[in-house]
Amino acid sequence: MPDLITCSGSIDPRELRFSRAMIFAIEEINNSTELLPGIKLGYQIYDSCASVPVAVHVAFQLSSGLDPVFYTGENCSQSGTVMAIVGESGSTPSISMSRIIGPFNIPQVSHFATCACLSDKQQYPSFFRTIPSDQFQADALAKLVKHFGWTWIGAIRSDSDYGNNGMASFLDAAHKEGICVEYSESFYRTHPRSRIQRVADIIRRSTAVVVVAFTSSGDLRILLEELSLKPSPPRQWIGSESWVTDPDMLRFSFCAGAIGFGIEKSVIPGLRDFLLDLSPSKVAASPVLTEFWEDEFNCRLGQITGSDTEKNACDGTEDIETIQSPYTDTSQLRITNMVYKAVYAIAHAIHNAMCQETHSITQCDKFTSIEPEQVLTQLKYVHFLQNGYDVLFDANGDPVATYELINWQKTETGYIELVTVGHYDASLPVGQEFRINRNLTWVEGGTQVPVSVCTDSCPPGTRKVLQKGKPICCYDCIPCPEGEISNATDSPECFLCSKEFWPNAKRDTCLPKPVEFLSFNEGLGIILAAFSVGGACLTIITAAVFHRHRTSPIVRANNSELSFLLLFSLTLCFLCSLTFIGAPSEWSCMLRHTAFGITFVLCMSCVLGKTIVVLMAFKATLPGRNVMKWFGPPQQRMTVVSFTFIQVVICTLWLVLSPPFPMKNLTTYKERIILECALGSAIGFWAVLGYIGLLAVFCFVLAVLARKLPDNFNEAKLITFSMLIFCAVWVTFIPAYVSSPGKFTVAVEIFAILASSFGLILCIFAPKCFIILFKPEKNTKKHLMNKNVS
């Protein structure tokens with residue numbers, strides 16, 4: 001036979017309370033007249049030492065039947081058969097036990113084994129538990145971390161089925177919530193100290209402020225003891241149920257502010273009195289209670305041997321009510337209630353298998369033979385209320401998952417206490433499971449939520465760009481490109497504004513683009529309008545001077561009728577430039593180009609008529625020539641009308657076929673809208689402009705030919721200069737017009753109109769007005785007829 005396995009270490013007072021709670025529940029059931037009346041439940045308690053070999057040894061022994069030494073068979077129906085097992089506390093021992101007793105259909109109800117793997121009914125068909133699966137806790141912890149905006153965390157776990165499976169579930173849930181893990185380390189209490197030190201150093205060096213610990217209390221205690229040897233930066237601890245509600249862990253003051261989910265607190269009437277009802281005689285009858293008693297009071301029960309000289313004998317004055325121990329602490333009954341419910345669940349299953357209700361009277365036959373398989377079947381359907389606690393199992397043998405949110409808060413005296421600050425109910429609709437109803441205390445007693453992110457949030461106006469080789473929570477914030485915005489924090493992309501909108505300076509919102517056109521309210525528009533009106537006024541003044549001196553030789557000698565018509569057309573040319581200023585409209589777009597084209601052709605026709613008159617007048621002085629009869633006033637009028645009519649026809653066809661129209665130019669400038677007149681038909685526009693240019697060139701050629709005629713007041717010279725200026729302006733206009741952006745295109749066109757108009761009036765009329773007003777002695781027929789002929 002192999003040697004008996006013995007437990008090492010001291011008694012765990014918390015686990016002792018669990019076992020005593022089981023005894024308390026069994027005694028309540030045995031004294032009940034409603035549940036299993038006339039039936040007494042027996043029990044046997046084994047210490048698994050949290051060890052798999054011991055748990056396996058116990059499982060084999062229980063599945064083989066109890067030895068006769070453990071019972072007296074005279075009043076027992078099936079003394080050697082185990083109906084059900086309560087336990088184990090750990091997931092790994094529970095897995096080992098369930099694999100052994102499962103084939104025998106012996107039900108196992110655990111109060112503290114939370115590994116999600118145990119919900120697999122294919123592998124563990126006889127396993128039940130009154131504590132929720134870690135899958136629910138993992139989802140709740142992930143939602144908790146996300147709720148406080150922590151996206152950069154560290155993770156540690158017990159190197160056991162509980163820790164590995166629980167952490168795997170948590171990491172999967174955290175990934176779905178967009179949470180990144182800087183490190184994930186495992187350890188176990190039996191590992192070498194160097195392994196524990198390595199994990200502690202990783203926690204100290206990490207940049208993650210939040211540490212999620214999915215560990216058993218025994219494992220974490222070893223790690224925290226190592227961390228306490230060398231101060232580390234403050235860390236916000238997030239705990240699983242296994243350790244966050246363990247009162248023995250509260251001695252690690254640097255973990256103040258820790259939060260985690262725990263089983264809901266409960267009240268079990270009479271339990272505290274039962275736990276404290278320990279006399280030296282009761283204690284001496286139990287080896288486990290004896291060990292606990294001697295550890296708590298540091299004395300020896302019974303006779304002292306030579307090896308126990310360090311301890312005094314217990315004198316009988318020891319009072320268990322005077323000690324502070326997890327065994328006597330019933331203020332936070334959480335897992336203890338899971339033991340209590342497990343015992344009652346088994347009792348109800350046995351009741352349903354053995355008892356019948358007839359005429360409102362429950363009768364149980366203690367000699368009825370039942371098998372563990374019957375108890376297993378009935379466990380699947382139990383549903384009852386016990387002390388206000390709802391007890392039932394789903395298809396996986398799991399209860400409804402409800403948790404309290406626990407916060408480690410320091411009291412005024414410096415002690416840490418467990419405070420319930422919220423709740424989690426997995427049965428509620430999505431988004432409503434989690435609620436916080438009290439203020440939390442954070443790491444180092446702070447009131448502000450600590451920040452734990454790899455990279456600070458990207459503000460609106462930027463987008464996230466992942467850093468190469470790092471988790472998705474580590475990124476750079478890149479400003480949005482021109483024309484794009486992002487209006488949310490941590491936006492992964494920027495998006496374009498619509499065509500008529502443009503980003504603001506921060507690039508977090510789209511604003512309507514400013515509308516631009518040559519306005520009467522801006523400086524450039526005012527200057528051009530002033531020159532336009534000034535030019536018209538100058539032309540009118542010139543016409544007034546000519547009309548006042550219309551009988552003078554200089555006016556009469558220069559074809560006064562064409563001069564007045566030319567002055568009229570120049571006035572229209574100056575004024576038509578005003579139609580180019582202001583917001584374009586359908587009528588203004590058609591008017592500005594046609595008015596410009598017709599008035600300038602009228603102007604060119606008059607200049608051309610005056611040039612022809614000069615040439616014809618000289619030819620008429622030659623012997624045998626009488627050409628002036630072919631170019632008298634009627635012919636001059638007809639010439640002007642004919643040339644102008646051609647332009648009117650061109651403009652009419654333009655307006656009928658494809659007229660100019662107002663449009664919003666969104667392409668020249670990305671950040672603003674240009675209101676302008678589209679040409680409609682580019683052929684029409686260039687036909688109008690080309691016809692004006694053709695007349696100007698023709699007029700210029702004739703004026704050049706007539707520039708040296710022997711006349712003191714030869715108008716051809718003046719026309720030559722005016723046409724030279726006119727042609728230079730419009731030749732320069734074409735490339736400037738094509739290359740000028742936005743409203744400056746209109747300004748260039750107005751400038752060309754004004755410059756050519758001023759060129760005409762100044763070159764043709766200014767010298768004559770100067771003589772009329774300031775040199776009247778030259779305004780005589782004698783002076784006009786004086787010739788220099790060599």
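This is a predicted model: local features need pLDDT of at least 70, side-chain atom pairs count only at pLDDT 80 or more; totals for chains, interfaces and linings use all residues.
Q: What is the angle about the S-S bond in the link of cysteine 115 and cysteine 117?
A: Both partners, cysteine 115 and cysteine 117, are buried, where buried means under 20% relative accessible area, exposed over 50% and partly exposed in between (1.4 Å probe, protein chains only). Their link is right-handed, and the angle about its S-S bond is 130°.

Q: Is the disulfide of cysteine 480 and cysteine 494 left-handed or right-handed?
A: The sulfur atoms of cysteine 480 and cysteine 494 lie 2.0 Å apart, and both residues are buried. Because the torsion about their S-S bond is about -75°, this disulfide is left-handed.

Q: How many residues apart are cysteine 480 and cysteine 494?
A: Helices (H or I, at least four residues) and strands (E, at least two) are DSSP runs numbered from the N terminus. Cysteine 480 falls in the loop between strand S19 (475-479) and strand S20 (484-485), while cysteine 494 falls in the loop between S20 and strand S21 (495-496).

Q: In which strand is cysteine 677, the partner of cysteine 589?
A: A disulfide with an S to S distance of 1.9 Å joins cysteine 589 to cysteine 677, and the torsion of about -80° about the S-S bond makes it left-handed. Both of these cysteines are buried. The pair spans 88 residues, from cysteine 589 in helix H17 (residues 586-620) to cysteine 677 in strand S26.

Q: Which residue is the bridge partner of proline 662 in S26?
A: Two strands pair if DSSP finds at least two bridges between them, and 3 strands form an open sheet of mixed pairing in the order S24-S26-S25. Its edge strands, each pairing on one side only, are S24 (515-516) and S25 (661-665). S25 and S26 (residues 673-678) run antiparallel and are joined by 5 bridges. Within S26, the bridge partner of proline 662 is cysteine 677.

Q: Which cysteine has the sulfur nearest to that of cysteine 537?
A: Cysteine 537 counts as partly exposed, at 38% relative accessibility. Cysteine 537 is in no disulfide, and at 15 Å the nearest cysteine sulfur is that of cysteine 769.

Q: Is the pair of tyrosine 403 and tyrosine 424 tilted or stacked?
A: Rings of Phe, Tyr and Trp (its six-membered ring) pair if their centres lie within 6.5 Å, and planes under 30 degrees apart count as stacked, over 60 as edge-to-face and the rest as tilted; the count comes to 24 aromatic pairs. Tyrosine 403, in strand S15 (residues 402-410), and tyrosine 424, in strand S16 (residues 416-425), are 21 residues apart. With ring centres 6.4 Å apart and planes at 45°, this pair is tilted.

Q: What is the relative accessible area of phenylalanine 765?
A: The rings of phenylalanine 546 and phenylalanine 765 have centres 5.4 Å apart and planes at 75°, so they form an edge-to-face pair. Phenylalanine 546 is in helix H14 (residues 523-548) and phenylalanine 765 is in the loop between helix H21 (743-764) and helix H22 (766-774). Phenylalanine 546 counts as buried at 1% relative accessibility, and phenylalanine 765 is likewise buried, with a relative accessible area of 0%.

Technical notes. Residues are numbered from 1 along each chain as its sequence is written. Side-chain values use heavy atoms; hydrogens and water are left out. A disulfide is a pair of cysteine sulfur atoms within 2.5 Å.
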